[in-house]
Amino acid sequence: MQKDIANVCIRCGKTRIVTKTWKEYVGTSTVTYTTTACPDQACQKIVDKKLAAMREKRELFLGKRIQAIQAWRRSKPHS
Ligand SMILES: [Zn+2]
């Protein structure tokens, strides 16, 4: 994990701001989590939508792949 890497918005390139920081105990150590957002709220909304659409597409794609593999396995005679 690298610190101090510029966290910029994928859409407008502005430096993203930390909106939330919280700590969680993982085993015996504490991990700090941060949530960042684009300072431009309208832009952030678009980015959120884009990411959600991408995730949906990927899940759909993976689902189709799994179905295809299962169909292929079924079509093969068992040896
Ligand atoms: Zn932005």
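Mentor: Let us begin with Thr36, which touches Asn7, Arg16, Ile17, Val18 and Thr19 when residues up to four places away in sequence are not counted; two residues are in contact here if their C-beta atoms, placed from the backbone, lie within 7 Å. Residues are numbered from 1 along each chain as its sequence is written. The model is a predicted one, in which local features need pLDDT of at least 70 and side-chain atom pairs count only at pLDDT 80 or more, while totals for chains, interfaces and linings use all residues.

Thr36 is found in strand S2, where strands (E, at least two residues) and helices (H or I, at least four) are DSSP runs numbered from the N terminus. Thr36 is partly exposed, because 16 other C-beta atoms lie within 10 Å; a residue is buried if 20 or more other C-beta atoms, placed from the backbone, lie within 10 Å of its own, exposed if 12 or fewer, and partly exposed in between. One of the residues that Thr36 touches is Val18, and although Thr36 and Val18 are 18 residues apart in sequence, they are 4.3 Å apart in space, C-alpha to C-alpha.

Strand S1 (residues 17-26) and strand S2 (residues 29-37) run antiparallel and are joined by nine bridges, and two strands count as paired if DSSP finds at least two bridges between them. Ile17 has Ala37 in S2 as its bridge partner. S1 and S2 form a hairpin with two residues between them, and Gly27, in the turn, has a positive phi of about 65°. Both strands are hardly covered, since the count of buried residues is zero among the 10 residues of S1 and zero among the nine residues of S2.

Asp48 and Ala37 are 11 residues apart in sequence and 9.5 Å apart in space, C-alpha to C-alpha, and Asp48 lies in helix H1 (residues 41-75). Asp48 is exposed, because 12 other C-beta atoms lie within 10 Å. H1 has 35 residues, and one of them is buried, so the helix lies largely in the open.

As for confidence, the chain averages a pLDDT (the predictor's confidence in each residue, from 0 to 100) of 90, and 90% of the residues score at least 70. Confidence is lowest in S2, at a mean of 93, and highest in H1, at 95.
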